[in-house]
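Look over the sequence and the model before reading on.

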Amino acid sequence: MLRGGMQAWPLRVTSILDHAARFHAGQEVVTRTVEGPIHRCTYGQLAARARQCAAALERAGIATGDRVGTLAWNTYRHMELWYGAAGIGAIYHTINPRLFDDQIAHIIGDADDKIIFADLTFVPLLERVRDRCLAGRRLVVLTDRSHMPNSLLELDCYEDLIAHESSDYPWRDGPEDAPVGLCYTSGTTGAPKGVVYTHRSNVLQALIANNADGLGFRSTSSVLPVVPMYHANAWSIAFSAPMTGAKLVLPGPKLDGASLCDLIEAEDVTFTGAVPTVWIDMIAEMRKRGTRFKRLERIVTGGSACPRWIIEAFEQEFGVTVLHAWGMTEMSPLGTFAAPRPGMEALDSETRMRLKLKQGAPFYGVEMRILDDAGQEVPWDGVTPGRLQVKGPCVVAEYLHGAGGAILDADGFFDTGDRATLDPFGYMQITDRTKDVIKSGGEWISSIELENHAVCHPDLIEVAAIGIAHDKWGERPMLLAVRVPGSTLTEEALVDFLRPKVARWWLPDAVLFIDTMPHTATGKINKVALRERYRNSA
Ligand code: AMP
């Protein structure tokens, strides 16, 4: 039997930072710190401190496979921790601070974090959940001695912890399929469940999602991940940026439009990625300033469907290309990008815009199919929705502790819980979360499609469509909408606006204008909360 003649080089995430430190040593990592000032370092310095962090973790008794909790913004210290934990074979566990205290307590217990590193911002949170989940866990604040807070908790100081450790600490070896990261799902459809990434799945995700039609980073890029490291593995940016030597610009706790615009301008940012709610604020700020950015070329939007007006504002007013992406925590997390495909340039602008609103095509390494309720594949006609299923080297095989039981079907596919269409371009479009679809008289109404049409009204900023209980039809659609300040748009006028765009039976039975839209811990419209509040309001 002939043997392969190539080297067995384990795909470990630490090799990414090693590469950055060796071949992009002088490239900058810029952070707006939690303490306030802008901090600058290089990949070379970050790698040295990550090794100090690894040595400190080892000295603290953290062993291979132990969980290292983080309650932290996107900062250089958080990056050091991810790589430092990985370097001793431990597992970084990002805790989403926007979850409810009860969920956070549950997650910390479920993950059994041995040690938790928290930004100053989150010390009060730790104090709140102390009695529920912190017994026996060591707590470290990601700051220096002069900023250490007064607290009833026993807290260590990160800078003190790593100060005297060696920056030559040798990474511990291990197999590429060893666990390295833990991220819980958002908990919008049940209790949050843990997804355990491996070194291999993270390296592969960084490689394959960083293709030219995807993230597309290169060493001349300046990349600002607004998407937090505690949400869905930060869309792999903490790996794909150093892998290519791109400059990293980390926004810390300040995610408002003005602070982001300042950073984009000052740091010559070429690329940024966030959920749509962030863009709403940023566009308002950009309009106020009335200038275009010097170098911003592309933004990636994902996490929930992108309203058309956001794409139009970026592309037509500010000359920035918008790339719509879809993914989920369970996919490491990216799955599709709506990059242009051959044949699209010949289409009229309205058709091209409708394609941009789709979530796009899977890249190599993501198998995808849509099935009807009988388990048969539905046609790729761009019209017929089905259950969206995926498979690949960066897709979850099981949740932590086997939560939820077996989650792959007989063909090895994972059911995303999304409903979607596929079109002849291979473009996927999410029509709904399975749990959000509105079932009226036995027929399905796509809440996302209804929202997409409604939010095209120039007086609306955000819209949610939910099903409300109805004696005869089971459910009927209701729209909750946030108007631009000063608008006097009425329910009748909005329904008239929708009338030519959707089937008559899709028109909402009720429209309610609300002041603010509730969002989940990961920035999605909180439909569970809206349904609880309005479901029986007819
Ligand atoms: P999370 O794991 O928090 O990223 O949530 C994943 C879910 O967010 C997916 O299963 C989708 O329901 C939704 N989602 C992510 N990206 C998009 C998008 N571009 N358009 C519509 N829904 C999206």
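## Arg137 and its partner

At 16% relative accessibility, Arg137 counts as buried, where buried means under 20% relative accessible area, exposed over 50% and partly exposed in between (1.4 Å probe, protein chains only). Arg137 forms a salt bridge with Asp112, with the closest N and O atoms 2.9 Å apart. A salt bridge here is a side-chain nitrogen of Lys or Arg within 4 Å of a carboxyl oxygen of Asp or Glu. The pair links distant parts of the chain, 25 residues apart: Arg137 is in the loop between H5 and strand S6 (138-141), Asp112 in the loop between helix H4 (101-111) and S5. Asp112 has 32% relative accessibility, so it counts as partly exposed.

This is a predicted model: local features need pLDDT of at least 70, side-chain atom pairs count only at pLDDT 80 or more, and totals for chains, interfaces and linings use all residues. Residues are numbered from 1 along each chain as its sequence is written, and side-chain values use heavy atoms, leaving out hydrogens and water.

## Other salt bridges

The count comes to 38 salt bridges. One of them joins Arg49 to Glu80, with the closest N and O atoms 2.7 Å apart. This pair also links distant parts of the chain: Arg49 sits in helix H2 and Glu80 in helix H3, 31 residues apart. Both Arg49 and Glu80 are buried.

Arg308 is buried, with a relative accessible area of 16%. Glu312, at 25%, counts as partly exposed.

Helices (H or I, at least four residues) and strands (E, at least two) are DSSP runs, numbered from the N terminus. Helix H2 (residues 43-59) has 17 residues, which should span 24 Å at 1.5 Å a residue; its end C-alpha atoms are 24 Å apart, which agrees. The expected span is 1.5 Å times one less than the number of residues. H2 is mostly covered, with 12 of its 17 residues buried. Among them are Tyr43, Leu46, Arg49, Arg51, Gln52 and Cys53. Just after H2, Gly61 takes a positive phi of about 90°.

Helix H13 (residues 447-454) has 6 of its 8 residues buried, so it is largely enclosed by the rest of the structure. The buried residues of H13 are Ser447, Ile448, Leu450, Glu451, Asn452 and Ala454.

## Aromatic contacts

The structure holds 12 aromatic pairs. Rings of Phe, Tyr and Trp (its six-membered ring) pair if their centres lie within 6.5 Å; planes under 30 degrees apart count as stacked, over 60 as edge-to-face and the rest as tilted. Trp73 and Phe122 form a tilted pair, 5.1 Å centre to centre, with 35° between the planes. Trp73 and Phe122 are 49 residues apart, and both are buried.

Phe217 and Phe271 pair edge-to-face, 4.8 Å centre to centre, with 80° between the planes. Phe217 lies in the loop between helix H7 (199-209) and strand S10 (222-225) and Phe271 in strand S12 (residues 271-274), so the pair ties together parts 54 residues apart in sequence. Phe217 is buried at 7% relative accessible area, and Phe271 at 2%. Trp82, Tyr83, Tyr92 and Phe239 form one aromatic cluster.
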